[in-house]
Amino acid sequence: MTIQPAKLSDPVVRAFVTAVNAHDRDAFMALLTDDATMSDDGSDRDLGDWIDGEIFSSHGHLDVDNESRGGRAFVARYRNDAWGEMRTRWSFDVTDDGRIARFETGQA
C-alpha cells in the first residue's frame, strides 16, 4: 500500500517527494546543499543533468511503498516518460540544517 507523501516520517524526504511529484524544480533545488551529490545504481552522476533528464523533463513521479531509517530511506514505484515504471530504492543524507547533501537511488 502506498504511503501518501504528507504522511512520510522525515520532513525533508517528505518535501523531496512532494517536489518531485509536483514537478517543482525550484522547491527541489532548495532542498539540496550547494555541493549535493547523488548516485544511480551505484554510479555517481552529474546531479543537474540527472535530475533534468530523470525527473523534470520526463515527468518523474514517486509512489512510496515503505520507508526505513527513520524515513530517510524508502522503496517506491518510480515512473517517468523515459523509462516507464520501476521499483526503486532511495536513501538520503540530510545535514543538521535540514538539507540533502546526498541521495542515492537505484532499482530495488
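F16 touches F28, L31, L62, W90, F92, I100 and F103, leaving aside residues up to four places away in sequence. Contact here means heavy atoms within 4.5 Å. The model is predicted: local features need pLDDT of at least 70, side-chain atom pairs count only at pLDDT 80 or more, and totals for chains, interfaces and linings use all residues. Residues are numbered from 1 along each chain as its sequence is written, and side-chain values use heavy atoms, without hydrogens or water.

F16 belongs to the largest nonpolar core, which holds 27 residues. Such a core is a set of buried Ala, Val, Leu, Ile, Met, Phe, Trp, Tyr and Cys residues joined through side-chain atoms within 4.5 Å. Buried means under 20% relative accessible area, exposed over 50%, and partly exposed in between (1.4 Å probe, protein chains only). Together with F28 and F103, F16 touches the most other members of the core. Two or more core residues come from each of helix 1 (11-22), strand 1 (32-40), helix 3 (47-56), strand 3 (61-68), strand 4 (73-80), strand 5 (84-94) and strand 6 (100-107). Helix 1 gives the largest share, six residues. Helices (H or I, at least four residues) and strands (E, at least two) are DSSP runs, numbered from the N terminus.

Two strands pair if DSSP finds at least two bridges between them. Strand 1 and strand 2 run antiparallel and are joined by three bridges. Within this pair, M38 stands opposite R45 in strand 2.

Side chains of opposite charge can pair when their charged atoms come close. The whole structure has nine salt bridges, each a side-chain nitrogen of Lys or Arg within 4 Å of a carboxyl oxygen of Asp or Glu. One of them joins D34 and R99 at 3.9 Å, N to O. D34 lies in strand 1 and R99 in the loop between strand 5 and strand 6, 65 residues apart. D34 is exposed at 80% relative accessible area, while R99 is partly exposed at 26%. D65 and R87 form another, with the closest N and O atoms 3.4 Å apart. This pair links strand 3 to strand 5 across 22 residues. D65 is buried at 18%, and R87 is partly exposed at 45%. Salt bridges with shared partners also join D44, R102 and E104 into one network.

Most residues other than glycine have a negative phi. D41, not a glycine, has a positive phi of about 50°. D41 lies in the loop between strand 1 and strand 2 (43-45) and is partly exposed at 42%. H59, also not a glycine, has a positive phi of about 60°. H59 is found in the loop between helix 3 and strand 3 and is partly exposed at 45%.
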